[in-house]
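This report covers the packing of a two-chain model.

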Amino acid sequence: MSSKYYGEFGGQYVAETLMNTLAELERAFEDAIRDPKFWEEYHYYLREYVGRETPLYYAKRLSEKYGTKIYLKREDLNHTGAHKINNVIGQILLARRMGKTKVIAETGAGQHGVATATGAALFDMECKVYMGSEDIERQHLNVMRMEMLGAKVVSVQSGSNTLKDATNEAIRTWAKEAEDTFYVIGSAVGPHPYPRMVKEFQKCISIEAKRQFMEKEGRLPDVVMACVGGGSNSIGMFADFIDEPGVELIGVEAAGMGIETGKHASAMALGRPGVLHGMRSYLLQDDDGNVQLAHSISAGLDYPGVGPEHAYLRDSGRAQYVSVTDDEAMEALAELCRLEGIIPAIESAHALAYAFRKAKTMTKEQAIVLCLSGRGDKDAHTIESYFSGKGYMN
Amino acid sequence: MNRIEERLQQVKERGSKAFITYMTAGLPDMAGSAAILKAQAEAGIDVIELGIPFSDPVADGPVIQAASYRAIQKGANLKKIFEMVRQVRSEGCEVPIVFMMYFNTAMYYGLAAFAAKCAEVGVDGLIIPDLPYEEQPQMTKVLDETPGAPILIQLVTPASGDRIPMILENARGFVYCVSSMGVTGQEADFHRNVVSYLEQVKAVSKIPVMMGFGIRTAADVEPMKNTIDGCIVGSHFIRLMEESNYSTDVAKDYVRTFKAQMNGEKG
Ligand SMILES: Cc1ncc(COP(=O)(O)O)c(C=O)c1O
């Protein structure tokens, strides 16, 4: 099998119309990553604009409470509030290098949409963001942010009116407009070379974290973990540790209301391989092979598939994938607020919830490095209605 | 010989152009869908494309997306569509049938089981828009190993360029020439270089060249009539069926008129 695959996963399951476009993209990407000037510019923007490097913060009170060292990789401190911007800077620089003048993106919660709108404003590109009509209702604040940044938010009304449908529509538009338009995919998904590209542009997370941990502890961490929607913050967090066999890698998917209820977003818990959005990977499907709707309280994890490299890491046993329910994630979120004064994104709170469980099996000397992928500002509304519904807030 | 190849050979011998329609299977329901299929066969359609509804029809425009969604809501699925084909074949209907479907539907069914079932009930061809040439070996292998398996129809587009000879090298049945960039149903908004592109395909193709995407009437293909061997109508036909409440008379009339006009006879 060629490098378009991770084992049996990945590939380029797209319409013939896009095959030359993907070939052009792959050539441009391979060329860019061999060009030191490209990296110089990428790192310039990460440093001066995004605010990297992000701290690797030793969460002292959490560590004391749970009996093992917990370090947080603070991606929440990036400009626009999450890891998504790392990838956007890389892809938009590539788009510019290819001479494209327009960018399009899909978004669910709006985080990737906001990051893309931000990058487009910075580099003076026309930007359209595809978003399900359902999500436009739920994530009004981010819609407003994208519009303020000069992007056009296109409401998608087809299928379930959410992220997977917005992605379909972005792919359709791309097939029509690829001549001058670059499709900025927001997670480690899609046809080759996207999963590779997104990993390359998110790798900075683990490269920094590894060095930072080494400086603090003089060794490698025992466990590295991150939440998994499509898999971009997690692949970025894993990347530089994959070849360190002593480091346990854990990806945390959303179990929603519980795997057994069917209302969840854990593609790898029960999913079987399928083809969606140009890739072969684990996919939630019904008995006819139609794609099943995902459910999670966190919009950013609400995706029925997962990036192909994760499917491969799971099957090869290199990484382990677990899942956490809405309730567990919200409890962990509240805990981080109270003990460390950090309001995390609900997505990131999924990784935290599992870290607390995992810590019980670890010693005081061992350490977890966890990717805190984003901040919770965008979730204020969801958090409020969740806790007031539960009567936790007064 | 495969029904598609046989039929297109006859059309060619008569010196005429072939006509193909696409209809999402399971609309208005399974029985109504079979009735439309048989009506078109009676009216002289050369090949029928049956759309297998899928939740995420990424190569389709709004009309087929909506039809696909409605068909799923009404309970259409691959198993029922296999039964429908079996039924119409048992009634003596020999029109060539092509499944237009997304790869996941076949993968979920199991590729070997899928190929065998197609052969058993009498499906003659497959169009899988999200299975480009490079991803086809897994499917072709299974089809080659299954006696009486359908032909995997190849698609080319105005963006295919230097890929065309490779794609057509071993193509069978007909070449599906996509007329525009993007998705199905863009109302005769053909690619700006559509004629030279069609000529380029025709020059290397050993099999009939059929043009599709955005065609409504025979007049739409008048400018390229001398290059192509026929054409395919999808979204427009679905719209006609919806507007006429799935009238089999309207279906027959449309097929007869289109064929006659395309072949320069009085409609
Ligand atoms: C803060 C945050 N974390 C995680 C995710 C999940 O995406 P991924 O798995 O690609 O990192 C998102 C997606 O919107 C997000 O906004």
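A nonpolar core is a set of buried Ala, Val, Leu, Ile, Met, Phe, Trp, Tyr and Cys residues joined through side-chain atoms within 4.5 Å, where buried means under 20% relative accessible area, exposed over 50% and partly exposed in between (1.4 Å probe, protein chains only). The model is predicted: local features need pLDDT of at least 70, side-chain atom pairs count only at pLDDT 80 or more, and totals for chains, interfaces and linings use all residues. Residues are numbered from 1 along each chain as its sequence is written, chains are lettered from A and ligands numbered from 1 in the order in which they are written, and side-chain values use heavy atoms, with hydrogens and water left out.

The largest nonpolar core has 98 residues. B:L50, B:F99, B:F114, B:L126, B:M139 and B:F174 have the most contacts inside it. Helix α4 (residues 78-90) of chain B gives the most to this core, six residues; helices (H or I, at least four residues) and strands (E, at least two) are DSSP runs, numbered from the N terminus. Contact means heavy atoms within 4.5 Å. Not counting residues up to four places away in sequence, B:F114 touches B:L78, B:F82, B:F99, B:M101, B:A106, B:Y109, B:L126 and B:M139. A second, separate core of 67 residues includes A:I92, A:M146, A:V153 and A:Y183.

Between the chains, the totals are as follows.

| Item, chain A and chain B | Value |
|---|---|
| Residues in contact | 35 of chain A, 37 of chain B |
| Buried area | about 3000 Å² |
| Salt bridges | three |
| Residue pairs in polar contact (both at pLDDT 80 or more) | 21 |

Buried area is the accessible area (1.4 Å probe) that two parts lose on being put together, summed over both. Carbon and sulfur atoms give 48% of the area buried between the chains. A salt bridge is a side-chain nitrogen of Lys or Arg within 4 Å of a carboxyl oxygen of Asp or Glu; A:K164 and B:D56 form one through their side chains (2.8 Å, N to O). A polar contact is a pair of N or O atoms within 3.5 Å; within protein, one must be able to donate a hydrogen and the other to accept it, and residues adjacent in sequence count only if both atoms are side-chain atoms.

A:A359 lies in helix α14 (residues 346-359) of chain A. At 1% relative accessibility, A:A359 counts as buried. A:A359 and A:T68 are 291 residues apart in sequence but 5.8 Å apart in space, C-alpha to C-alpha.
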